[in-house]
Amino acid sequence: MDENLKKKIIEAQQGNKDVLNELVIENKGLIINIAKRFENRGYEFDDIYQIGAIGFIKAIKKFDFTYNVMLSTFAVTYIIGEIKRFLRDNGPIKISRNLKELSSKIALEKRNNLNITIEELAEKLNTTKEEIVLALDSENGIKSLDEKQEDDDLSLMDKLSSNENSEEKIVNNLALKQCIDNLEAREKKIIYLRYYKCQTQKKVADIIGISQVQVSRIEKRVLENIGKELKEA
């Protein structure tokens, strides 16, 4: 990350409002781009933009340099989450056709390459990392993280933080994705099969070629480690 940007983030986190406003202005294009996805919902665009800006400010305050991710990429989930919270009493969120098409392309790429990264997706689909995150969040991210599992009727996010409210679940999605990206190949495959493909531990054991007990132990260890990482964030 650029040292000047890093310095600004630190100053903003320490309470420098002028620097905070400067960061918002510098990222105005990102906020507008996301806010446009939520037009025609009965609110003025300027109102949606202001809500998105609040989400961006929250992202700055929560940003952790150990995530090894761009501020803009990290902020996408916060901006979306804040706007969705604002609109949640106005019916289901409408997803644009372009975003749905991008989500379908991402799903196809993931079928061909389970471990493909956000950066690789952006390059392959000729778009930005922020657009990839936006598409993942709008279509698959929240749904899959809240999907109940056959073994114990708990979702991945339920296991990681049972006391967390829905807004916190949304804004933590990207941090969770980053944690999963850092897992070893077998660990990542177990989590993917269990919580993104909704397979039972027995089915996962059969696919990977290990015992159900081993799957259970690995899953428990991974969830505990991810839970600790998210709490530290």
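Analyst: Rings of Phe, Tyr and Trp (its six-membered ring) pair if their centres lie within 6.5 Å; planes under 30 degrees apart count as stacked, over 60 as edge-to-face and the rest as tilted. By this rule the count comes to 3 aromatic pairs. Please note that this is a predicted model, in which local features need pLDDT of at least 70 and side-chain atom pairs count only at pLDDT 80 or more, while totals for chains, interfaces and linings use all residues. Residues are numbered from 1 along each chain as its sequence is written, and side-chain values use heavy atoms, with hydrogens and water left out.

User: How are the rings of Phe 63 and Phe 65 arranged?

Analyst: Their centres are 5.2 Å apart and their planes stand at 90 degrees, so the pair is edge-to-face. Phe 63 also pairs with Phe 74, with centres 5.4 Å apart and planes at 80 degrees, so that pair is edge-to-face as well. Phe 63 lies in the loop between H4 and H5 and Phe 74 in helix H5, so the pair ties together parts that are 11 residues apart in sequence. Helices here are DSSP runs (H or I, at least four residues), numbered from the N terminus.

User: Which residues form the aromatic cluster?

Analyst: Phe 63, Phe 65, Phe 74 and Tyr 78 form one cluster.

User: Is Phe 65 buried or partly exposed?

Analyst: Phe 65 counts as partly exposed, at 30% relative accessibility, whereas Phe 63 counts as buried at 6%. Buried means under 20% relative accessible area, exposed over 50%, and partly exposed in between (1.4 Å probe, protein chains only).

User: What is Phe 56 in contact with?

Analyst: Leaving aside neighbours within four places in sequence, Phe 56 is in contact with Leu 23, Val 24, Asn 27, Ile 31, Leu 71, Ala 75 and Ile 79. Contact means heavy atoms within 4.5 Å. Phe 56 is one of the buried residues of H4, and what covers those residues includes H1, H2, H3 and H5.

User: Now the charges. How many salt bridges does the structure hold?

Analyst: There are 7 salt bridges, each a side-chain nitrogen of Lys or Arg within 4 Å of a carboxyl oxygen of Asp or Glu. One of them joins Glu 26 and Lys 8 (2.5 Å, N to O). This pair links distant parts of the chain, with Glu 26 in helix H2 and Lys 8 in helix H1, 18 residues apart. Lys 8 counts as buried, at 12% relative accessibility, and Glu 26 as partly exposed, at 44%.

User: Where do Arg 85 and Glu 82 lie?

Analyst: Both lie in helix H5, 3 residues apart, about one turn of the helix.

Methods. Helix = DSSP H or I, 4+ residues; strand = E, 2+ residues; numbered from the N terminus.
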